[in-house]
Amino acid sequence: MKRAALLVGCFWLFASPVFATNEFSKEWKLSYAGDDAPAEFVSAVRKAGCNVCHVKGGKKEERNEYGRSLKEFLNKEDYSKEKLAANPELAKEIIAGFKKAGEKKSADGKAFAAKIKAGELPATDAGL
């Protein structure tokens with residue numbers, strides 16, 4: 001019984017944060033790190049993982065500059081897996097939020113979208 005409780009506890013601890021933002025991650029990777037993206041960029045995105053938007057080593061509520069920009073245009077509660085399954089058109093809203101956030105500038109003065117297009121991770125403070 002203790003093992004089962006420990007297993008369920010570990011699953012909850014490690015899986016639940018992923019479920020909260022998984023839909024954004026999927027759409028972002030499809031939009032920017034898909035089959036036509038440069039292999040080096042795809043590799044950098046895989047290595048960065050959650051840190052494309054979040055602060056490395058921080059709590060999941062802590063976002064880097066790009067993640068803070070995305071949060072201005074996207075609210076994760078509006079795009080749950082269930083809501084997207086019921087209304088696939090919501091994916092277009094997510095992509096529109098990515099585009100709006102991409103227009104904002106990074107601390108280095110470059111627009112996030114320009115950095116992504118150049119094969120760079122968007123945030124200067126990703127901590128990678």
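K26 and E23 are joined by a salt bridge in which the closest N and O atoms lie 3.7 Å apart, where a salt bridge denotes a side-chain nitrogen of Lys or Arg within 4 Å of a carboxyl oxygen of Asp or Glu. The model is predicted, so that local features need pLDDT of at least 70 and side-chain atom pairs count only at pLDDT 80 or more, whereas totals for chains, interfaces and linings use all residues. Residues are numbered from 1 along each chain as its sequence is written, and side-chain values use heavy atoms, with hydrogens and water left out.

**Overall fold**

- The protein chain has 6 helices and 0 strands, both taken as DSSP runs numbered from the N terminus (helices: H or I, at least four residues; strands: E, at least two).
- Buried residues account for 30% of the 128 residues in the protein chain, with buried meaning under 20% relative accessible area, exposed over 50%, and partly exposed in between (1.4 Å probe, protein chains only).
- Among contacts (heavy atoms within 4.5 Å) in the protein chain between residues at least 6 apart in sequence, 53% join residues at least 24 apart.

**Salt bridges**

- The structure holds 5 salt bridges, and the general principle is that side chains of opposite charge can pair when their charged atoms come close.
- K26 and E23 are 3 residues apart in helix α1, which means that about one helical turn separates them; K26 is partly exposed at 38% relative accessibility, whereas E23 is buried at 13%.
- K92 and E89 meet through their side chains in a salt bridge with an N to O distance of 3.0 Å; K92 is exposed, at 55% relative accessible area, while E89 is partly exposed at 46%.
- K110 forms a salt bridge with E120, the closest N and O atoms being 3.4 Å apart; because K110 lies in the loop between α5 (90-103) and α6 (112-117) and E120 in the segment after α6, the pair ties together parts that are 10 residues apart in sequence.

**Surroundings of F24**

- F24 belongs to helix α1 (residues 2-32) and is buried, with a relative accessible area of 16%.
- Apart from neighbours within four places in sequence, F24 is in contact with L74, N75, K76, Y79, I94 and F98.
- The C-alpha atoms of F24 and A91 are separated by 8.9 Å, although these residues are 67 apart along the chain.
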